[in-house]
Every structure is written in structure tokens, then in C-alpha cells.
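Try each task before reading its solution.

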Amino acid sequence: MTGIHPLANWDSLTPVLLQSIQETIYMVAVTLVIGGVAGLLIGAVLYATRPGNLFGNRIVFNVMNLVINVIRPIPFIIFLTAVGPVTKLVAGTTLGTEAAIVPMTIMAAVVIGRVVEQNLVAVDPGVVEAALAIGAKRLSILFGVVIPEALAPLILGYTFMFIAVVDMSAMAGYIGGGGLGNFAIIYGYNQFDQQATWVTVAIIIVIVQVGQIFGNWLAQRVLRR
């Protein structure tokens, strides 16, 4: 009968689902490690090169600021295809889990860079002035004073980005990137199987909640110190 579809055969789908979960965790982990480190450096440079700051350089700041302002607003689903040539150059293909990590990492680094900068700017300037007054080197102040002072907000910022990267990994399914997004498209959307779709949604919610709870807990631990 039209409009009636059989429920998913979970005996055959369970191994595929487990593989999809592993692919999602892999994509998210690699993206957060590489994009997280790159984003921290980008944010630190943005903060430090602001006019009048530790390494004030208007040209460097304006160029980096412009690049971030251009990339950050692009919807990720469009960004996936826009950086296809870069993905092909780095991963050798534009399909699959490895390929999806390339645009995910670029976008994550850019967004994290802005998040880091905003949190560092919020650090009390008096802390920096005090460190300068006792003769501390500027680079040491940046990484030994400013970043530790902003650590708790940075953890919350990275927690937010964890959720955003999980979202990116789901959208990567549209280009055959693997993971839960790909599973939902192939076995849920394409086969009109709401059960497969909602199982995927539930797993993504669990992953996000675990990450959020851990991030909040870690930020609270840092604040208490």
C-alpha cells in the first residue's frame, strides 16, 4: 500500500549504525584536535595583534579579521562544496570520512579562532599590565597569563564548538562523508524510514548531551581553582 513502509531491519542495520557512530566520533575528534589547536593559535594572534595590544599590528589583525569575517558566515553545507578543490588536494578525494574532515577542520578553526579571541579580549587588562610591570615577556604573558585567565570561558567555548562540529559531521553526510548524517540520509530519508531517522537523532542528542555535561563540569572545576 502507498505510504506504508516496513520498519528497519535492525539485524542488518545495527552493524552499519555502529560503524556510523564510530565514523562520527572519529570526524569530530580529529576536527576538534586539529581545528582546536589551529583555532587557539588564530584567536591568540587576533588578540595579541589588536592595535595597542601585546603585539599590536594593524595589518596582520585586519587581514586575519577579514578572512574570518568572510568564511564564518558561509553555511557549512555550501562551504563543503566551495572548498572541494582544497579537499581534493589534501585528501585526494571529495567523498568519504577523510574528505569531510578537511572542510570541517577549516571551518572549526575559523570559528574557534573568533571564540578564543572574544574570550581573551574579556580578560582584565590590569592582569596584563601587572605582568608587564614586573618584566614578563610578551609571549609569556599571552600563553602564561592571558590564556590561563580565560580558561573556564574557553572550555565552555570549546564545548559549544563540540556541538557545532557534531552538527557539521551530520551535514557532511550529504557529500557521502559517512557518519550518522550519512546513515540518516541513506536509511532514513531515502528509504522513508522514520524509525532509522529518529534513532539517529536520539544518538546525536546523547552524544551532544554527554559533551555538554563534560564541558560544563570541566569549566566548573577550573573556576573553583
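This is a predicted model: local features need pLDDT of at least 70, side-chain atom pairs count only at pLDDT 80 or more; totals for chains, interfaces and linings use all residues.

**Exercise 1. Find the atom that a side-chain oxygen of Asp-124 reaches at the start of helix H6.**

Step 1: go to residues 125-133, which form H6; helices here are DSSP runs of H or I with at least four residues, numbered from the N terminus. Step 2: from Asp-124, a side-chain oxygen comes to within 2.9 Å of the backbone nitrogen of Gly-126.

Residues are numbered from 1 along each chain as its sequence is written, and side-chain values use heavy atoms, leaving out hydrogens and water.

**Exercise 2. Work out how enclosed helix H9 is.**

Step 1: count buried residues (under 20% relative accessible area, 1.4 Å probe, protein chains only). Eight of the 11 residues in 179-189 qualify, so H9 is largely enclosed by the rest of the structure. Step 2: name some of them; they include Leu-180, Phe-183 and Ile-185. Step 3: look for their partners, which are helices H1 (10-48), H8 (151-171) and H10 (194-224).

**Exercise 3. Describe how H1 and H10 pack.**

Step 1: Two packed helices are described by the angle and the distance between their axes. Step 2: apply them, with axes as lines fitted to C-alpha atoms over the stretch in contact, and angles from 0 to 180 degrees between N-to-C directions. The axes of H1 and H10 come within 12 Å and cross at roughly 35°. Step 3: list the residues that meet (contact means heavy atoms within 4.5 Å). Trp-10, Leu-17 and Ile-21 of H1 meet Gln-195, Ala-196, Val-199 and Ile-203 of H10.

**Exercise 4. Decide whether Ile-74 is buried, partly exposed or exposed.**

Step 1: locate Ile-74 in the loop between H2 (58-71) and H3 (76-82). Step 2: read its relative accessibility, 28%, which means that Ile-74 counts as partly exposed; that class lies between 20% and 50%. Step 3: find its contacts beyond four places in sequence, which are Phe-79 and Met-107.

Key
Helices (H or I, at least four residues) and strands (E, at least two) are DSSP runs, numbered from the N terminus. A polar contact is a pair of N or O atoms within 3.5 Å; within protein, one must be able to donate a hydrogen and the other to accept it, and residues adjacent in sequence count only if both atoms are side-chain atoms.
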